[in-house]
Amino acid sequence: MKTKYRSMLSFFTFFLLFLSLVRCAETKAISDFVISWGAEKSDRGQLDEPFDAVVGPKGHLYVTDARQQKVLKFDTDGKFVLQWGDAKRFEKPTGITVSEDGFVYVSDYDNDHILKFKSDGTFIKQWGRSGEGEGEFDSPSSLAVDAAGNVYVTDLYNHRIQKFTSEGTFLLSWGKEGKVNNMRSVLNFIFDEGSENLFYYPAKIAVSPKGEVYVSDSYNNRVQVFDQAGRFLRKWGGMGFWGGRFRVASGIAFGPKGHVYIADFYNNRVQIFNAEGKYLDQWGDEGTEPGQFEGPTGLAVDQDGDIYVVDWGNHRIQKFSGNKK
Amino acid sequence: MEIEKRSRLLLVMMLMLIAPLLTQSAKAEEMSAEISIRVDGLTCPFCAYGLEKKLKRLDGAEKIHIDIEKGIAHIQVVEGKKVEEKDLKQAVEDAGFTAKDIIYGRPQK
């Protein structure tokens with residue numbers, strides 16, 4: 001009898017696992033592709049390994065290029081405006097964010113510090129060094145700024161979030177290393193995987209218009225949401241192929257209609273959720289054509305609601321109309 | 001007695017033949033200008049950049065190139081310097097990976 005139950009349980013588990021691995025045949029939203037740029041050879045505005053992007057208060061798009069060790073500034077039609085940085089200024093610029101008063105913050109993944117600039121690229125200051133203590137980093141991959149100007153940083157290899165004032169004074173940190181078992185992640189729609197406040201390589205962060213802090217807990221394949229004091233609010237996702245699941249959650253951005261856009265690196269798509277984490281829609285798949293991606297790492301939304309996807313492996317930015325999304 | 005002598009002589013001759021090969025191999029390890037490490041799971045920048053960073057910090061490592069498609073980390077070594085295998089393995093482990101093979105010199109295509 002016991003054997004019968006055991007084999008039924010095994011069958012059930014394998015069935016669920018099978019379901020999780022088969023990509024559900026969902027009707028994909030037709031991506032409203034507008035324009036792409038960066039991949040073509042050019043002295044002005046060519047991209048090698050674009051990693052992150054953000055739209056500033058004056059409507060410019062700022063992009064970090066980790067390989068070229070630069071920050072590039074474009075208008076919303078992809079027209080090159082200016083660039084700054086070299087091997088002396090950056091070792092590997094990854095995360096980028098802009099405050100409401102127009103200051104640009106960049107995280108340097110290899111040098112383990114945060115740099116602050118004016119919108120024309122004039123250097124103001126930097127803070128941080130390698131380590132595990134307060135104000136120290138092991139690969140700050142991404143950052144975000146709240147309405148008060150405080151800066152939040154994903155400290156990737158320390159598996160935590162650190163919060164600073166706009167001048168770089170340490171305020172607080174939260175989270176520690178904790179990997180969610182893959183099976184538990186896949187089956188979390190049956191049994192909650194728990195592990196709130198634990199991260200496994202948190203790669204991206206963003207502050208919503210409501211002031212909540214969203215973190216891509218990338219290798220736990222989920223998104224966790226916190227208040228500005230680091231108190232856990234909610235989470236969603238889990239490993240998988242179908243809508244609402246992730247295979248390495250990456251860039252986060254917010255639309256004017258309350259939509260939350262999350263880039264899904266290995267699934268090569270962008271997913272749309274509401275603020276509570278309810279899955280709404282998605283677009284994109286693997287490839288080099290417009291509307292296809294090779295590892296989307298960053299997202300940004302402009303004042304019109306149009307969406308910019310950092311298509312890392314295709315060395316380009318793709319712009320999509322936000323009208324239907 | 002004669003047989004024992006002959007065996008010893010044969011052993012000495014074999015050692016003499018093998019010794020240069022062993023020395024050469026050790027020298028290749030010590031003085032190789034390039035080291036390649038096969039690493040599984042190297043497909044996204046979040047982790048590939050981490051591996052690049054950890055390898056870059058090794059004493060003697062001059063230039064790092066991560067071939068994400070092939071899953072190989074190439075390390076160019078400073079002339080006359082040696083990068084220890086245990087340090088290479090540790091750096092790969094610190095980056096969250098396991099070193100599958102460490103090849104001294106350029107890998108065969």
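In which hand does H2(B) pass H3(B)? Here are a few notes on this predicted model, starting with that one.

1. The crossing of H2(B) over H3(B) is right-handed. Helix H2 of chain B covers residues 45–56 and helix H3 of chain B residues 85–94; their axes come within 8 Å and cross at roughly 145°.

2. On the H2(B) side, the residues making this contact are B:Leu51, B:Lys54 and B:Leu55, and they meet B:Leu88, B:Ala91, B:Val92 and B:Asp94 of H3(B). Sorted by class, that gives five nonpolar and two charged residues, with no polar ones.

3. Over in chain A, have a look at strand S3, residues 61–65. Five of its five residues are buried, so the strand is largely enclosed by the rest of the structure. A:Leu61, A:Val63 and A:Asp65 point one way, A:Tyr62 and A:Thr64 the other way, and all are buried.

4. S3(A) has an antiparallel partner in strand S2 of chain A (residues 50–55), with five bridges between them. Across this pairing, A:Val63 in S3(A) stands opposite A:Ala53. The hairpin of S2(A) and S3(A) has five residues between the strands, and there A:Gly59 takes a positive phi near 90°.

5. Strand S4 of chain A (residues 70–74) also runs antiparallel to S3(A), joined by five bridges. Here A:Tyr62 has A:Lys73 in S4(A) as its bridge partner. Four residues lie between the strands in the hairpin of S3(A) and S4(A), where A:Gln69 takes a positive phi near 55°.

Note on methods: Residues numbered from 1 in each chain as written. Chains lettered and ligands numbered in written order. Predicted model: local features only at pLDDT ≥ 70, side-chain atom pairs only at ≥ 80, totals over all residues. Heavy atoms only, no water. Axes fitted to C-alpha atoms, helices over the stretch in contact; angles between N-to-C directions. Helix = DSSP H or I, 4+ residues; strand = E, 2+ residues; numbered from the N terminus. Left-handed = near helix turned anticlockwise from the far one by under 90°. Contact = heavy atoms within 4.5 Å. Nonpolar A, V, L, I, M, F, W, Y, C, P; charged D, E, K, R; others polar. Buried < 20%, exposed > 50% of the residue type's maximum accessible area, 1.4 Å probe, protein only. Pairing = 2+ DSSP bridges.
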